[in-house]
Amino acid sequence: MSDDVVIEKDSEVIRLKDWGVRVINFDLSSANVVHETTQVGIYGAQTTSSKVGELTLTLVFDFLADDKYDFELIRMKLLGLFATPGAFYIWSSRVPYLRWKVAVQGSVNIPRYESSDVASNDVTVTMICSDGYAESVATTLDSLKTSKGKWGLGMNLPRNPLPAYKFTNTNAFQFYNASNIPLLADERPVKIHFNGVVAKSLSIKNKTTSQTLTINHALKKTDKLEITGLVPYVNGTQIYKDSNHEYLDFMKGWNNLEVSGATDFTISFETHFYY
């Protein structure tokens, strides 16, 4: 495998090739699906629920140092990268627009190659992605037209019409969820940004899911309303008590939305997509 693997940890982006590392394999499983069953009668069982768990990624690599001292320095850098707690993002240069949030499972051993002071044996690092899915590097606030390299093939995005995620003075519009899964407010919430004039109350309805979120709070054009999952904020202050305590989910594909109670407004939707 000649592709590079890239890691983002503590805001630092590390390309393993720059460390002299040769990636041999970068493989991942599908998410672990767990089924719960209930016995029905004597001879059978019925599935009562299915849940998606973690997925496993395996990175195999080796490296060649200039001398035995350089070997120890590279080994120390790699151990510092992998043998410390905490999650980080990892992706392949082959599909640079999808990344996984992972944590290393178990220990990492970096032995020398037999009879060599400068070459490593194959090193295997096992990582767990608790989310169970890759996420898009981009969010829906990154333009699908101009954000080069952030969007790519296999992301379920239609070409005609090209989805939009920011709307001005438009009361009825569509939101496209390109994920392989629904975007649920209590799991992977879509952040909604709103600026506009509201005399008494603002309602946002997803006609596809038959959900309506109502904010009973007057707003000026200079106010900033943000809705994150179940909780609305105005200028950074939580106003959950001023809502109808509803929320908005977004099904896969097109969702038909409607805004009422507002004038002179702009509304936008911010989310990653998941695959």
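How many aromatic pairs does a search of the whole structure find? In this predicted model, the search returns 14 aromatic pairs. One of the ring pairs is formed by Phe26 and Trp100, whose ring centres are 6.1 Å apart. The planes of these two rings meet at 75°, and because an angle over 60 degrees counts as edge-to-face, the pair of Phe26 and Trp100 is assigned to that class. Phe26 belongs to strand 3 (residues 21–28) and Trp100 to strand 8 (residues 98–104), so the contact ties together parts that are 74 residues apart in sequence. Phe26 has a relative accessible area of 9% and is buried. Trp100, at 10% relative accessibility, also counts as buried.

A stacked arrangement is found for Phe167 and Phe173. Their ring centres lie 4.1 Å apart with the planes at 20°; the pair is therefore stacked, since planes under 30 degrees apart fall in that class. Phe167 and Phe173 are both buried. These two residues are also members of a cluster linked by ring pairs, in which Trp151, Tyr165, Phe175, Phe250, Phe269 and Phe273 take part as well.

Lys77 lies over the face of Trp19, at 4.3 Å from the ring centre. For Arg99, the charged end sits over the ring of Tyr89, at 3.8 Å from the centre of that ring.

Key: Residues numbered from 1 in each chain as written. Predicted model: local features only at pLDDT ≥ 70, side-chain atom pairs only at ≥ 80, totals over all residues. Heavy atoms only, no water. Phe/Tyr/Trp six-rings, centres within 6.5 Å; stacked < 30°, edge-to-face > 60°. Helix = DSSP H or I, 4+ residues; strand = E, 2+ residues; numbered from the N terminus. Buried < 20%, exposed > 50% of the residue type's maximum accessible area, 1.4 Å probe, protein only. Lys NZ or Arg CZ within 6 Å of the ring centre and 35° of its normal.
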